[in-house]
Amino acid sequence: MGMIRTPDQRLRVFISSTIKEMAAERKAAREAVATLHLTPVYFEMGARPHPPRELYKAYLEQSHIFVGIYGASYGWIGPGMEISGLEDEYRLSAGKPRLIYVKKTAGDRDERLKKLLADMETQHASCYQYFSQPEELAGLLANDLAIFLSEQIQAGLEPTREEPPPVPSPLPALPGRLIGRDQELTELCQLLLADDVRFVSITGTGGTGKTHLAIEAASRLEPHFPNGIHFVTLGTLRDPEELFPSIARQTGIFDSGMQPLQETLVRHFTRHKSLLLLDNFEHILPAAPALAGLSHHCPDLKVLVTSRAPLHVRGEQLFPLSSLPVPAPAPVSDTQSLLGVPSVQLFIQRAREVHPALPLDPENVKAIGEICRRLDGLPLAIELAAHRTRILTPSAMLRRMDRVLDTLRHGQQDMPERHQTLRAAIAWSYQLLDEETRRMFARLAVCNGGWSLEAAEALAGEPAGDTITRLEALVDQGLVQTLPNTAEPYFTMFLAIREFALEELERIGENDTQRDAHARYYTAFVREMEPNSWKPQRVLWFSRVQREYANIRDAFSFLLEKGDNQAAWRVAASMGLYWITMGKLSEAIQWINDAGIHSRPGEGDDFLTGIDPEVRAAAFRTSGMVHFFSADFAKALEDLQESVRLFSDAGDELNMARSLSYYAVVSISAGNQKASDCFQQAIRLGQRYDDTYSIVVSSTFQSEVMLACRDTQHALELVMEALDRCRQEGDLFLLAMVLLQAGNIYLTLSEYQIAAEYYQEGLDIHKAFPLGPSVGWFYMGMGFCRLMEGDINEGRTQFCQGLEIGRESGDLSDIIGGLIGMGCTVFSEGDATKAARLLGAAETLIQKSGYKLWCSTAVMYEWLRQALKKAHDQAWMDKESDPGKRWTTERAMEEAFFMPSGEPA
């Protein structure tokens with residue numbers, strides 16, 4: 001918490017301008033600063049015992065904020081100076097927040113002032129605005145100072161938040177039609193369709209309806225973006241580093257962890273004409289340059305941002321949004337005129353949702369008009385007020401609002417006026433609650449993004465029946481919302497409401513205890529999920545984890561913060577299969593590193609002795625699995641071997657079998673010949689405990705060892721047994737894995753029609769259940785089957801699908817298989833030269849990665865090599881494949897995607 005300043009320690013605002021020319025403006029600025037109870041600092045005040053430059057330099061050094069006001073004059077250049085005092089003051093303010101105001105003038109500005117202002121525009125400032133009259137300047141400065149200070153307070157007090165579930169989702173449903181924004185909607189749509197505009201930021205005070213306008217515009221423009229409109233909410237984030245992971249999760253882009261996530265996003269959006277809508281960017285403004293870089297590298301991507309503040313990046317087109325028009329001050333007697341005011345229309349629309357019979361008589365309409373005027377036309381504040389019409393008439397509501405608004409306004413002098421009114425609307429709803437419901441409201445604010453009924457019962461500290469009753473009261477008051485289309489009840493708060501509730505939680509002194517209770521609840525949640533993640537019911541559990549992911553991450557962070565390393569390791573260890581299935585590998589590696597699962601500098605063995613062996617064993621298994629799917633075979637083998645040892649020492653044979661299964665799978669990829677013995681041991685242990693997961697995984701990939709030994713019959717028997725078991729238990733994830741291997745075996749037997757049937761069944765499963773980058777192998781196998789059946793065009797289509805998945809995820813195995821497959825395709829079309837070069841590129845990646853070709857890939861690889869050898873001699877092959885061996889991975893993929901005619905595949 002920041003220190004408390006006494007009156008003589010108030011923030012000092014240095015006012016810089018020419019003295020005579022801007023006298024009226026300086027007076028207006030001084031009064032605006034004083035109204036906020038800040039201290040204005042300006043040149044002409046006080047005695048001058050020092051030379052002028054030393055005086056204003058000393059004042060500047062002791063000031064906290066710089067305000068520059070500029071007219072037409074460049075100012076006086078003192079003796080021995082090369083620049084004016086006006087410019088010198090600006091240069092000396094480097095490192096301080098700068099608020100710049102330029103007076104609109106009909107006359108010519110001094111040339112040197114023009115150059116100085118041009119320099120200012122290219123540099124980052126907290127604001128840069130134009131004004132005409134001193135009164136306008138005073139209003140702008142007071143508002144900007146208040147917003148600046150409130151944002152600094154929020155930045156220091158707000159807790160870290162997370163994002164909603166990591167699955168593609170349509171645009172959120174709107175609560176009603178967009179009111180009073182017809183002109184803005186038309187202008188925004190035109191702006192987004194302009195050829196020279198790629199990055200638009202809707203800016204405005206919180207609660208002005210930026211999100212509603214953005215969603216309405218995106219919905220209207222949907223036909224213009226054939227590859228989709230992606231809605232990404234950022235309101236729960238506080239860490240700028242979370243921007244790209246959040247985009248990936250919410251747009252359904254698989255993160256393999258094999259390359260920087262920015263490259264994965266660029267690869268996805270470069271080839272897709274789409275609109276990316278990022279909501280509530282103001283919480284992570286330092287991430288703006290990264291977003292601008294993404295936009296710069298994706299010419300077919302349009303970016304639409306909502307934010308309380310501009311992002312200040314090159315290419316940004318601002319679209320400022322003000323509040324809705326409000327009625328003129330009372331008295332107003334013309335009912336029809338009031339009914340035509342947009343803010344009044346919004347109030348009535350929302351009120352009719354809870355009170356369909358609300359009479360629109362002159363008394364009610366007049367009261368509604370006054371409510372909207374006092375709420376300054378802010379849509380969120382109006383909606384909260386409208387919810388009260390179920391229990392209060394508009395006139396009664398207006399009387400109650402007066403008391404709450406006055407109390408809050410006097411207590412929040414450093415907040416912008418519109419923030420005050422928004423606070424008042426929330427506080428007014430809050431004051432209608434009884435004491436017990438207020439306390440529960442504050443306690444539930446510790447949940448990030450939302451909570452289930454079970455979580456509410458655990459965290460509210462109330463009997464179950466009372467929790468439901470009080471939740472209903474919170475929903476009725478508009479302070480809590482229920483999420484639609486969920487199998488079980490799920491609740492959330494608007495961002496501004498949650499901020500208010502968190503302040504109340506701090507005020508009642510329960511912040512620490514609630515965070516601890518929150519961490520304990522979600523630790524128990526993931527521990528209950530973990531054993532189910534090995535069973536068919538993982539589908540239901542993973543959907544719950546997606547919804548609760550922000551809460552789980554907050555719990556994990558809190559455990560690390562308070563030094564409960566064992567509990568943090570338990571959380572990370574439980575998330576392994578979820579991370580792998582949902583494609584969160586970069587994030588998984590970050591959690592593993594944050595927990596110190598591999599090392600804690602300076603703590604050494606003392607740190608590890610504080611972690612129970614079974615927790616360490618589970619954590620190393622998760623780490624090994626994650627690193628395997630990220631193609632770090634050495635780290636994966638090391639971690640899984642340690643997991644097997646620890647489970648063995650603890651006598652936990654069931655978990656030992658699961659770790660052994662993955663250790664053996666990694667061994668195959670790394671060319672380790674001990675895989676067969678490990679698989680057999682894992683199968684024996686799995687059978688002892690009737691564990692389908694370890695039996696199926698081990699049997700399926702043991703078949704790969706059998707194929708390498710040319711024991712095809714035994715390989716097929718293993719896979720068919722595993723297939724029967726998966727079908728009986730209805731385990732879609734394991735079934736898809738076995739279907740892939742069944743197709744691969746029949747491919748090696750040249751039974752292409754049968755192989756294709758297995759591949760197609762696996763692709764059908766993928767439509768209902770995410771299979772991560774492994775789905776690329778279904779396309780690869782299908783492509784080779786179609787090619788061998790003589791359908792070159794269909795083979796190319798399938799190979800392109802698989803290679804595209806590799807491009808987006810960065811999975812080297814997909815990329816290698818795709819390059820080999822496309823080499824087979826172009827050879828079949830008669831282009832042996834390009835086929836040889838694609839083969840050379842694949843061989844380079846195989847050598848660099850240490851990846852051992854699995855049997856199905858080896859079949860394609862050998863087919864292409866033999867075909868080239870039959871058509872040309874070795875000298876020709878060496879010569880023609882050499883250029884491909886020097887290609888970058890990106891160049892190799894681009895070559896593969898283009899047909900011999902030069903047209904994209």
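In the predicted model, the largest nonpolar core holds 178 residues, and the members that touch the most others are Trp 451, Met 575 and Leu 868. Helix H33, which spans residues 732–748, supplies the largest share of this core, with 12 residues. The surroundings of Met 575 can be listed once its neighbours within four places in sequence are set aside: the residue is then in contact with Val 526, Met 529, Val 545, Tyr 549, Ile 552 and Trp 591. In soluble globular proteins, nonpolar side chains tend to be buried together.

The protein as a whole consists of 905 residues, of which 56% are buried. Its secondary structure comprises 41 helices and 13 strands. Among contacts with a separation of 6 or more, 73% are between residues 24 or more positions apart.

Five of the strands form an open sheet. The order of the 5 strands is E7-E8-E9-E6-E10, and their pairing is parallel. Strand E7 (229–233) and strand E10 (317–320) lie at the edges, each pairing on one side only. From one strand to the next, the twist averages 20 degrees. Strands of a sheet pair through backbone hydrogen bonds, either parallel or antiparallel.

Strand E8 (residues 274–279) is joined by 5 bridges to strand E9 (residues 301–307), and the two run parallel. Within this pair, Leu 276 has Val 303 of E9 as its bridge partner. E7 and E8 also run parallel and are joined by 5 bridges. Here the bridge partner of Val 232 is Leu 278 in E8.

Strand E8 is largely enclosed by the rest of the structure, because 6 of its 6 residues are buried. The side of E8 to which Ser 274, Leu 276 and Leu 278 point is opposite to that of Leu 275, Leu 277 and Asp 279, and all of these residues are buried. Helix H6 (residues 182–193) lies across strand E6 (199–203), E8, E9 and E10. Relative to E10, helix H6 runs at about 170 degrees.

Two residues other than glycine were examined for their backbone angles. His 312 has a positive phi, near 55 degrees, and is placed in the loop between E9 and E10. With a relative accessibility of 41%, His 312 falls between the cut-offs of 20% and 50% and therefore counts as partly exposed. Asp 690 likewise has a positive phi, near 50 degrees. The loop that contains Asp 690 runs between helix H30 (675–688) and helix H31 (692–708). Asp 690 counts as exposed because its relative accessibility is 54%, and the cut-off for this class is over 50%. Most residues other than glycine have a negative phi.

The cysteines were considered next. A search of the whole structure gives 0 disulfides. Cys 855 is in no disulfide, and the nearest cysteine sulfur, which belongs to Cys 709, is 9.1 Å away. The cut-off for a disulfide is a pair of cysteine sulfur atoms within 2.5 Å. Cys 855 has a relative accessibility of 17% and so counts as buried, the limit being under 20%. Cys 785 is also counted as buried, with a relative accessibility of 0%.

A further site is Arg 373. This residue is found in helix H13, which covers residues 362–374. Its side chain and that of Glu 370 are joined by a polar contact of 2.8 Å. Arg 373 and Ser 343 are 30 residues apart along the chain, and their C-alpha atoms are separated by 8.3 Å. The relative accessible area of Arg 373 is 29%, so the residue is classed as partly exposed.

Key:
Residues are numbered from 1 along each chain as its sequence is written. This is a predicted model: local features need pLDDT of at least 70, side-chain atom pairs count only at pLDDT 80 or more; totals for chains, interfaces and linings use all residues. Side-chain values use heavy atoms; hydrogens and water are left out. Helices (H or I, at least four residues) and strands (E, at least two) are DSSP runs, numbered from the N terminus. Buried means under 20% relative accessible area, exposed over 50%, partly exposed in between (1.4 Å probe, protein chains only). A polar contact is a pair of N or O atoms within 3.5 Å; within protein, one must be able to donate a hydrogen and the other to accept it, and residues adjacent in sequence count only if both atoms are side-chain atoms. Two strands pair if DSSP finds at least two bridges between them. Axes are lines fitted to C-alpha atoms, for helices over the stretch in contact, and angles run from 0 to 180 degrees between N-to-C directions. Contact means heavy atoms within 4.5 Å. A nonpolar core is a set of buried Ala, Val, Leu, Ile, Met, Phe, Trp, Tyr and Cys residues joined through side-chain atoms within 4.5 Å.
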